[in-house]
Amino acid sequence: MEVRLSGKQNIFEEIAAEYERYIRLGVLQEGEKLPSVRALALQLGINPNTVERAYARLEERGLIYTLPKKGAFVSGQKAEAAIVEEARRHVKALRDAGLKKEELAAVAEEVYGEGETHD
């Protein structure tokens with residue numbers, strides 16, 4: 001598995017996005033160990049602090065967990081719970097910004113309907 005940096009985002013965000021994609025696609029399975037911070041930093045030619053920041057972002061989202069002296073591992077059911085919690089935070093922020101429930105429902109219908117084909 002390879003992490004490719006495009007230079008379009010901050011490096012730590014690109015790393016986090018790549019690993020999130022691998023996890024969501026099932027390329028990385030529950031319990032699978034991620035490369036060590038040092039190994040990935042060496043592979044990418046970047047500062048280990050950048051990798052630590054990417055892993056921290058993934059952990060905040062519930063996609064991975066770290067065990068001291070053991071490494072970082074892919075989470076299982078926590079990943080789905082993290083997605084729901086992230087959605088909840090966004091919905092609350094939208095509500096606080098003045099978006100009405102009906103408007104949110106209309107946006108959700110529009111977004112979920114984008115991929116559908118109608119016969």
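Predicted model: local features only at pLDDT ≥ 70, side-chain atom pairs only at ≥ 80, totals over all residues.
## A buried tyrosine and its partners

Residues are numbered from 1 along each chain as its sequence is written, and side-chain values use heavy atoms, with hydrogens and water left out.

So what about the rings? There are three aromatic pairs, counting rings of Phe, Tyr and Trp (its six-membered ring) whose centres lie within 6.5 Å; planes under 30 degrees apart are stacked, over 60 edge-to-face, and the rest tilted. In one of them, the rings of Tyr19 and Tyr55 have centres 6.2 Å apart and planes at 90°, so this pair is edge-to-face. Tyr19 sits in helix α1 and Tyr55 in helix α3 (residues 48–60), so the pair ties together parts that are 36 residues apart in sequence. (Helices are DSSP runs of H or I with at least four residues, strands are runs of E with at least two, and both are numbered from the N terminus.) Tyr19 is buried too, at 1% relative accessibility. The rings of Tyr65 and Phe73 are stacked, because their centres are 5.7 Å apart and their planes meet at 25°. Of these two, Phe73 counts as buried at 13%, whereas Tyr65 is partly exposed at 27%.

## Ile23 and its contacts

Ile23 lies in helix α1 (residues 11–25) and counts as buried, with 10% relative accessibility. Which residues does Ile23 touch, leaving aside neighbours within four places in sequence? Its contacts (heavy atoms within 4.5 Å) are Leu28, Leu63, Ile64 and Val74. Ile23 and Leu63 are 40 residues apart in sequence, yet 7.5 Å apart in space, C-alpha to C-alpha.

Lys69 belongs to the loop between β1 (64–67) and β2 (71–74). What is the phi of Lys69? It is positive, at about 65°, although Lys69 is not a glycine. For background, most residues other than glycine have a negative phi. Lys69 is also exposed, with a relative accessible area of 87%.

## Charges over rings

The charged end of Arg53 sits over the ring of Phe12, 3.8 Å from its centre. Likewise, the charged end of Arg21 sits over the ring of Tyr22, at 5.2 Å. (This needs NZ of Lys or CZ of Arg within 6 Å of the ring centre and within 35 degrees of the ring normal.)

How values were computed. Buried < 20%, exposed > 50% of the residue type's maximum accessible area, 1.4 Å probe, protein only.
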